[in-house]
Amino acid sequence: IQQYKGVDIKVAFTSSGRQQRMHQLSGGQQSLVALALIFAIQRCDPAPFYVFDEIDSALDDTHRLSVAKMIRQQSEHIQFILTTHRPEMVQYSHKQYLIEYKNKVSNIASCTRQDALALLEEEPPEDEPQQQKEKKTKAKTR
């Protein structure tokens, strides 16, 4: 038993069944596998809530929407708190908060879904330095 360490995960994303190891996958595929593992564990031994930080950042629009729908469905029984810069997660959230960072102080305020989506539309480009980004949207599901 001492010769075995860690977990080796092989996945196939196509019907052809060609399996790949985690290090061979794209960032979005790795995110999907990690989320699938978390959701599988959640079904067997659920925690009262989960906190996710930008789990959708490496996903394409289609997968981001699927994950948002799954979280919304699971939120009937469990609470999810997540941060995002993407509209798909906000569209399926129950409650939204704005976190504004100014002068090294974070302020939190509740907002409407429309306000959160509007903020995401005006947010600076991803390649802009982090210290210039002053607002971040946090979407809370139940």
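**Ground rules.** I number residues from 1 along each chain as its sequence is written, and side-chain values use heavy atoms, with hydrogens and water left out. Since the model is predicted, local features need pLDDT of at least 70 and side-chain atom pairs count only at pLDDT 80 or more, while totals for chains, interfaces and linings use all residues.

**β3 and β4.** I looked up β3 (49–53) and found that 5 bridges join this strand to β4, the two running parallel. Strands here are DSSP E runs of at least two residues and helices are H or I runs of at least four, numbered from the N terminus; two strands pair if DSSP finds at least two bridges between them. Tyr50 stands opposite Phe80 in β4. From β3 the chain goes through α2 to β4, a right-handed β-α-β crossover (clockwise from the first strand over the helix to the second, with the strands pointing away from the viewer).

**Thr83.** Buried or exposed? I find Thr83 buried, at 10% relative accessible area (buried is under 20%, exposed over 50%, partly exposed in between, with a 1.4 Å probe and protein chains only). Thr83 sits in β4 (residues 79–84).

**Positive phi.** Glu54 has phi near 50 degrees, positive although the residue is not glycine. I place Glu54 in the loop between β3 and α2 (61–74), partly exposed at 25%. Lys104 also gets an entry, with a positive phi near 65 degrees. Lys104 is in the loop between β5 (95–102) and β6 (105–111) and is exposed at 73%.
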